[in-house]
Structure formats: C-alpha cells, structure tokens
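My plan is to look things up piece by piece and jot down what I find.

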Amino acid sequence: MKRGRRAVLLATLAALALGATACGSSSSSSNPLGGGSSSAAGAGATGAGGGSGSTVVVGSANFPENVLLGSIYSRALKAKGVKVQEKFNIGSREVLYGQLQSGNLTVLPEYNGALLAYLDSRATAVTTQDVNAALTKALPASLGILDSSPAEDKDSLSVTQETADKYNLKSISDLAAKAGEFTIGGPPEFKSRREQQFKDVYGLTFKEWKPTADTTANALKDGGVQVGNVFTTDPKIVQYKLVPLTDPKNVFGAQNVTPLVNKAGVDATATAALNAVSAKLDTAGLTALMKRVAVDKEDPSTVAEDWLKANGLA
C-alpha cells in the first residue's frame, strides 16, 4: 500500500511540475520537466491540427536523438498549420508515458520494441508488424501508435567498410565462414546475452569476445575488434564509415521510430503530418542527422528544419 501511495504521489508531482512549466518561460532548458522551448505555430497558422483545433504538445525524452525527433515532429505539424507547443528533455519513459496518458503531452517519438517491452515484459514479437500488433493490444484505449518509420535505433553487428568489402559481408549470416577468425566487441554483458543466440540462430562462434563498451566503434576503426555491437544511429557509423550488417533472422527485435499519441489530441491533419515524416525517415538518414547534432554540435531544430525541407515536408 505504501508503494502504491508513493507511486501516485510521484506521478502527481511530475504532472504538476510539467503543467507548471507549460505556463512558464521557454528558456528553462536545464529543467528536465520543462526543457526545450514552448512555441506556438507561426503567424498565420490556422490551428487546424490538434483535436478540435487545440494545441498539440510534442514531448521528448532527455537524450539528443529523441529531442531531434521531437523537433522534426513539431516542425512537420507546424508546416500543416497545427498549433504546437514543445516540451523537450522531460525525462525517462516512466515519466513521459504518464504525462501522455494524462493529456499533458499529445505526441511522443517512441521506439516500438522498447515501448512494448515496457508495457509487457513477456512479449516475444520481433518484427515491426508483430511488435505493432502487440502494441496496439497492450496500449490503453486513450493512446495509440501512428505509422512506424523504417528508421531504427537498435543493436547491430557492424564491421568496417574495408572488412565488408574484403569478405563480401552484407548480413550477419555472411559472418559464418569467418567468425572463428574474428574478435567481437560490445558491452560487458553482450557475451552472456547473445553468445548462445548467435550460435543457435546464425551458427557463429567467434574467436574472442572483448568488453569494449562505449569504445566499440573506436575499436572497430582501430582494428582491435573485427565485429562490434554498435547502435544503428550512432554517429560514429557515419564518421568512421562502418557497415551495420542486416539481421534477416531478427536476433535484434524491431526498434522503429514510431509516434505515440494521445488519440483525443490529434486529428486527421496532425496524423497525416506525422505519418508523412515516418514514410521518409530511415536509419541511414537519422544517423546522418545525429552526426550533425552529436558530432558537429548543430542545433536540433535547425537540423530538423533542414531535413523537412529536403524531404518536401516543411
């Protein structure tokens, strides 16, 4: 009972904090419950977007890629005359999800596989179609997902371009003939989580497993490992010209970037604008955008606007 009352109290305080920041200045970027800017659509906006002409509040988690995605969603909506308020850098999924349920937020950039795992730890779906079908069942009636994009931020087995060319490597299956000569790098727990799975699914037995953690991409570049577990939108994939191998047998489940919405807050105009973003956004494109944000230190809103213009969505 104490745990239940404490959870309710924490959720209430979070809701009050977010609600308070919605009325405050947009300059408090250091506040995790009110970070980023609060802005309505520009002059001449029709307000045709959110349900019944109301303001659509776009939120994001507190890491650069999610802020970038929130910026893309926000500007895509504004381009269609939707009144938008931005609430970026809020925090973790635990806080974000509750705020969406309460209606304090309207739209979030989510990752379908991670969201499903949050809602149902026993879920076994791995493909985009199956994950989204399971999500539709797991979500409460007030919430829904829109179209998933091809863009994914997920685990990969990556190699250098030189290694890919030398051994004609395109998929994880192609590693079977050379795995015994290769050292693989990744987080310290990667071996215990994946070694048997790679043996069972792809028939891979690597020469050595090295705990390279956050330096995996660097270890690939420097030749310390020949295969590495790198997230597919890591800017170093572009910076170091790495090649994420395809995963035809779905060892790594789907993690498609997918808009999660409070259904009451979005109408057909807003839905169409967000689905148009999903149709254009792919992993290679998102990785390139993240290089601009994380490596070149460009402003996410500028990067978002450039991408929308380049794809005819601004």
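**Entry 1: the whole chain**

What percentage of the 314 residues in the protein chain is buried? I looked it up, and buried residues make up 44%. I'm reminding myself that this is a predicted model. I also noted the parts list for the protein chain, which comes to twelve helices and ten strands. Then I checked contacts between residues at least 6 apart in sequence, and 76% of them join residues at least 24 apart.

**Entry 2: strand β1**

Next I went to strand β1, residues 56-61. How many of its six residues are buried? I got six, so I'm writing β1 down as mostly covered, since buried means under 20% relative accessible area. I then looked at the two faces of β1 separately. One side has Val-56, Val-58 and Ser-60, the other has Val-57, Gly-59 and Ala-61, and all of these are buried.

I wanted a partner for β1 and found strand β2, residues 84-91. Five bridges join the two strands, and they run parallel. One spot I marked is Ala-61, which stands opposite Gly-91 in β2.

**Entry 3: a sheet of five strands**

In what order do the five strands of the open sheet come? I wrote it down as β7-β6-β8-β5-β9, with mixed pairing. At the edges I have β7 (208-211) and β9 (242-244), each pairing on one side only. From one strand to the next, the twist averages 30 degrees.

I zoomed in on β5 (residues 157-160) and β9, which run antiparallel and are joined by three bridges. There I spotted Val-159 opposite Val-243 in β9.

Helix α7 (residues 190-202) lies across β5, β6 (183-186), β7 and β8 (227-229). Against β7, I have α7 running at about 155 degrees.

**Entry 4: helices α11 and α12**

I looked up two helices here, α11 (residues 283-295) and α12 (residues 300-310). Their axes come within 10 Å and cross at roughly 155 degrees. Why do I call α11 roughly antiparallel to α12? It's because of that crossing angle, as the label applies to angles over 145 degrees. I noted the crossing as right-handed.

Which residues meet? From α11 I listed Leu-289, Arg-292 and Val-293, and from α12 Pro-300, Val-303, Asp-306 and Trp-307. Sorted by class, this contact has five nonpolar residues, two charged ones and no polar ones.

**Entry 5: two single residues**

I picked Met-290 first, which is found in helix α11. Is Met-290 buried or exposed? Buried, because its relative accessibility is 6%. Leaving out residues up to four places away in sequence, I listed what Met-290 touches: Pro-64, Glu-65, Leu-68, Thr-233, Pro-235 and Val-295. I checked the C-alpha distance to Pro-64 and got 8.1 Å, even though Met-290 and Pro-64 are 226 residues apart in sequence.

My other pick was Arg-75, in helix α2 (residues 64-79). Arg-75 has a relative accessible area of 18%, so I filed this residue as buried too. What does Arg-75 touch, not counting residues up to four places away in sequence? My list has Glu-86, Ser-301, Ala-304, Glu-305 and Leu-308.

Definitions and conventions:
Residues are numbered from 1 along each chain as its sequence is written. This is a predicted model: local features need pLDDT of at least 70, side-chain atom pairs count only at pLDDT 80 or more; totals for chains, interfaces and linings use all residues. Side-chain values use heavy atoms; hydrogens and water are left out. Axes are lines fitted to C-alpha atoms, for helices over the stretch in contact, and angles run from 0 to 180 degrees between N-to-C directions. Helices (H or I, at least four residues) and strands (E, at least two) are DSSP runs, numbered from the N terminus. Angles under 35 degrees count as roughly parallel, over 145 as roughly antiparallel, 65 to 115 as roughly perpendicular and the rest as oblique. A crossing is left-handed if the near helix is turned anticlockwise from the far one by less than a right angle, and right-handed if clockwise. Contact means heavy atoms within 4.5 Å. Ala, Val, Leu, Ile, Met, Phe, Trp, Tyr, Cys and Pro count as nonpolar, Asp, Glu, Lys and Arg as charged, and the others, Gly among them, as polar. Two strands pair if DSSP finds at least two bridges between them. Buried means under 20% relative accessible area, exposed over 50%, partly exposed in between (1.4 Å probe, protein chains only).
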